[in-house]
Amino acid sequence: MLKNHLKIAWRNLKRRLLFSAVNILGLSIGLSSAFLIYFWVTDEYKVDRFHANGDRLYQIMEKSTENGIVQIHDGTQGPLSDALEKDIPEVENAVTVMDLGKEGMSLTLRNGVNTFKSEGLFAGKAFFETFSFPLLVGRSGEVLLKKESVVISENLAAKLYGSPNKAIGQSIEYEMFGIVQNGLISGIFRNPPGNSTLQFDYVATKQKFVEDIWTNGLIWENTGPQTYVMLKANVDMAAFDRKIEHLIDRYSEYNTFTLFTRKFTDTYLRGNFENGVQTGGRITYIRLMGFIAVLILLIACINFMNLSTARVSRRFKEIGIKKTIGGTKKVLIFQFLSESVLLTYLSLILALVLVIASIPLFNFITGKELGLRFSLGEIAFILVTTLITGLISGSYPAFYLANFSPLAALTGKLHKVGSVINARKGLVVFQFMASLVLIISVLVINEQVRYALNKPVGFERDHVVSFDLEGKAYAEPQVLFDELDKIEGVVGMGAITESIISEEGGSSTYGLEWPGKIEGTEIDFIIRNVDEDLMKTLGIEIAEGQGFNRELGAPETFLILNKEAIKLMGLKDPVGRKVQLWGEEKTILGVMRDFNTASVMQPISPVIFAYSANQMGKAMLKLQTRMEQKALEQIEAAYIRFNPGYQFNFSFLDQTFEKQYLSEKRILSLGRYFAYLAVFISCLGLFGLAAFDTELRNKEISIRKVLGSTSLGIFKLLSTDFIKLVLIAIVIATPIAWYVMQDWLSQFAYHISISWRVFAISGLATILTAIVTISFQVIRAAVANPVKGLRTE
Amino acid sequence: MIQIQNLKKSFRTEEVETLALNNVNMKIAEGEFAAIMGPSGCGKSTLLNIIGMLDNPTAGSYKFAGHEVSGLKERQRTSLRKGNLGFVFQSFNLIDELTVFENVELPLIYLKMNKAERREKVTKVLERMKIAHREKHFPHQLSGGQQQRVAIARAVVTHPKLILADEPTGNLDSKNGTEVMNLLTELNQEGTTIVMVTHSDHDSHYAHRVINLFDGQIVTESQNRAMGAMI
């Protein structure tokens, strides 16, 4: 029976070439889009899921209430891991991790001959037992036991020593905050896989970090590194969270934090919190892309449904005969489903070719290295998705066609045809509505990203180059600046301890006290030390008072705050007021206009600038337009001359700023392509329908022409029906898209308001596309010789 | 074999109700060859459709081989048709996508017969219909007479008790028409009951009995004395 069904299906496919081509093309585009999105989604889901004890790995998070809003922090206290291991029996391992990359820091490493700048970690002894980063040399429980131990990646080992085995036992120098540290290589680990959120080239010990580098890490009143725990098996997490909630209170009388756990695997996908509640993160984009995949497949399925039911008249005879000679409804349903499944599997071949062809572009957009790997899971997904798509495509035509009575099918007198035409129209409206929602969304996201990129952030970010200050330059930046000042094209320069963009990491503090501070008020201020030229270089404006300058006596005793900080503190006439920073008295010298330290989509943060001339981490140089390249070459030469043995790595501030919108830009690019595809598939369906419609109305068209209708009149007659459907789609899509996009925009502190132009442009573009799509068929019918049409009848 | 009593069939549209059959009473015995005649729109095809269980009557009784079939559901009628009834249409109604062999094989597939048995039966019937040499051809590659022979082959391949023929020679020239009528007569002589709707006086002479319909009612019935005379 199946053979018979497939035989008929195959012969039908060959005979109805337009129908087959439209469906195969639509379904293959739909399937290939779904496969690409599936590869991306599974890759995203795989992030951090390779750890052997992943189900027992948790990150300790801290909660505090600032101005009535619950804030979540992943920075924890240095001693926390030891306290967890000591006080909480359910903890098998607790590890402090100071991720320098997360803090925007990289170290210069030296083995006496070679120098490399790279990112790494300081971590507790159990790091390699807790996380599954396999060691090529060394044992996981031993490599971080000694304070001076440094474990390096196979990559770094190859760069520094030629091979992993030669690296073991060698000494290595690294520098942090201007102090050179010595380490001993105790192990080599395999390079962390791309799907790990922890990316590092070396791991030095926590002991070294808190005893010799960041001594504040020994006390409970400072936060910074992350703390991870590996729990014993079968721990009740609700009870565990209750147990650790007030743990810090046992050790610190000034504590304002409570603790809770977050699954380590949630770090990547569910990183966002709103007023203390986990609200998602990248998972939103994954769901969005999954939804788009389903939508595109559905649009392709609808093409099959519509075209199958549109050409139903061609199958009346077959259905009637089969029913007459004993074919049951079940048999016919099975036959039509076999046909759609066969067609979908044929489309699969083209879909796989499309996937292979588009993978490079897809990888370029997503920044991933995806590809068809034909793993068991992948094959299963591809085959099952194709089967389901085939069944969905065939379901409506199958049940519709198999329901005819044999007599009705044989005579062609069908009462249900009217209702199916309405259903078909409804499905076309759905296709265009879905495509329009995608197009409008893409346009709105595009506008928002453009707005974010162009909105003034309160400081100059164009033509500003930033680089790390190390060695002599860290200790005495002003001496280096005197050299750089001589370079043509350098128009300003300043120094700052850490990046001005908080996404790149950096310090913040609750340690500011001011007159009139209400007890219990907790404000997390971003704090940076700057020199007297930094604000001028970046064009940060003073609203009240003055900035740091050389005429000030003892500038270290002054602070400059931004307007947001003053507003949150509730200070009136702030300039000249005395405040306490970490117990030391300071005077407010000036108030800066607000500027964005993070994405412009985030609210403005309160900022404190303290003064420092030396021991600065970053230089910021303003370059003259069109002189950047030449100036940079000279800056690099001067830096290396001034600071031999150090690398010069620079970045442009505008590019660093734009990186914050990377995920939005990627989603935008993907969304744009998939929206085009959705429109294309919808148009394919419309093209097919127009072909069948004009064929069915051949006689009507001929009679009208014989009676005097012009070609233009026929064109209007035929196209009006289709345009009406698109217009209905526009009417339905507009409020849906508006609602969805309004909801998306509401997550940003600063966003565009959706303009009517977005709807007008997308609506007009869709109508035009639809007209162009149907034109070929409609014009052909309109200019055809009416005699031919009547003769055919 | 067929017992029809007070059979009525009406068609209703939004505004009009048309009575296609009005109190039809008839009996057709096993092995009989009956022709139904009458002008266009008199209800011939409607009656044939009801006898063929393609349609249900509005009122009255229709017994097929002793079983009441009026009011049966589509699924039950399909299962009763399967193997018991064979159809021959004016427009042949072959499936364009299937070859001659596959068209004839189709009813046997629905009867879930195994492949070897199917091949044997189909080959036999095609040889009998003198169309075996065309078994791999598609319908559009055949002449009208050949197509109707394939349609008859498909109708008889399951050895049905009853063959219903709706204007079987309507689309054929006289030579092919005669061939088709001779085939039907042969089948009838072998014991198959045949009910045929026709406009043609010539064809009606092949039947044992001619039933004349007018405005949905049987107006005359006549026995053919010259039965088989034209074979």
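Helices and strands are DSSP runs, numbered from the N terminus. Two strands pair if DSSP finds at least two bridges between them. On these terms, the predicted model has a hairpin in chain B, made of strand 9 and strand 10 with two residues between the strands. Within this hairpin, Asp215(B) adopts a positive phi near 50 degrees. Strand 9 of chain B covers residues 209–214, and strand 10 of chain B covers residues 217–223. The two run antiparallel and are joined by six bridges. One bridge pairs Ile211(B) with Glu221(B) of strand 10.

Chain B also holds an open sheet of four strands, in the order 2-1-4-5. Pairing in this sheet is antiparallel. Its edge strands are strand 2 (17–28) and strand 5 (67–68) of chain B, each of which pairs on one side only. Strand 1 of chain B, residues 2–12, is joined to strand 2 of chain B by eight bridges. These two strands run antiparallel. Ile2(B) has Ile28(B) in strand 2 as its bridge partner. In general, strands of a sheet pair through backbone hydrogen bonds, in either a parallel or an antiparallel manner.

Chain A contains 26 helices and 27 strands. Its C-alpha trace spans about 105 × 55 × 55 Å along the principal axes. Chain A has 793 residues, and 43% of them count as buried. Among contacts in chain A with a separation of 6 or more, 82% come from residues 24 or more positions apart. The mean pLDDT of chain A is 89, with 98% of its residues at 70 or more. By element, the lowest mean pLDDT in chain A, 62, belongs to helix 26 (residues 786–792). The highest, 97, belongs to strand 12 (residues 226–231) of chain A.

Helix 20 of chain A comprises the 15 residues 628–642. At 1.5 Å a residue it should span 21 Å, and its end C-alpha atoms are 20 Å apart, which agrees. Ala631(A), Leu632(A), Ile635(A) and Tyr639(A) of this helix are buried. These four cover an arc of only 100 degrees around the axis, and therefore lie on the same side of helix 20 of chain A. The face turned away from the buried side carries the exposed residues Gln629(A), Glu633(A), Ala637(A) and Arg641(A). The buried residues of helix 20 pack against several elements of chain A, including helix 16 (471–475) and helix 17 (477–484). Strands also take part in this packing, among them strand 16 (464–468), strand 17 (490–496) and strand 26 (618–623) of chain A.

Gln199(A) lies in the loop between strand 10 (179–189) and strand 11 (202–205) of chain A. Gln199(A) counts as partly exposed because it has 16 C-beta neighbours inside 10 Å; a buried residue would need 20 or more, an exposed one 12 or fewer. Leaving aside residues up to four places away in sequence, Gln199(A) touches Gly101(A), Glu119(A) and Pro192(A). Gln199(A) and Lys586(A) are separated by 387 residues in sequence and, C-alpha to C-alpha, by 39 Å in space.

The two chains meet through 19 residues of chain A in contact with 19 residues of chain B. On the chain A side, the elements giving two or more residues are helix 1 (2–15), helix 11 (316–324), helix 12 (329–366) and helix 14 (406–411). Helix 11 of chain A gives the most, with five residues. The chain A residues on this side divide into seven nonpolar, seven polar and five charged.

Notes. Residues are numbered from 1 along each chain as its sequence is written. Chains are lettered from A and ligands numbered from 1 in the order in which they are written. This is a predicted model: local features need pLDDT of at least 70, side-chain atom pairs count only at pLDDT 80 or more; totals for chains, interfaces and linings use all residues. The expected span of a helix is 1.5 Å times one less than its number of residues. The arc is that of the directions from the helix axis to the C-beta atoms. Two residues are in contact if their C-beta atoms, placed from the backbone, lie within 7 Å. Ala, Val, Leu, Ile, Met, Phe, Trp, Tyr, Cys and Pro count as nonpolar, Asp, Glu, Lys and Arg as charged, and the others, Gly among them, as polar. pLDDT is the predictor's confidence in each residue, from 0 to 100.
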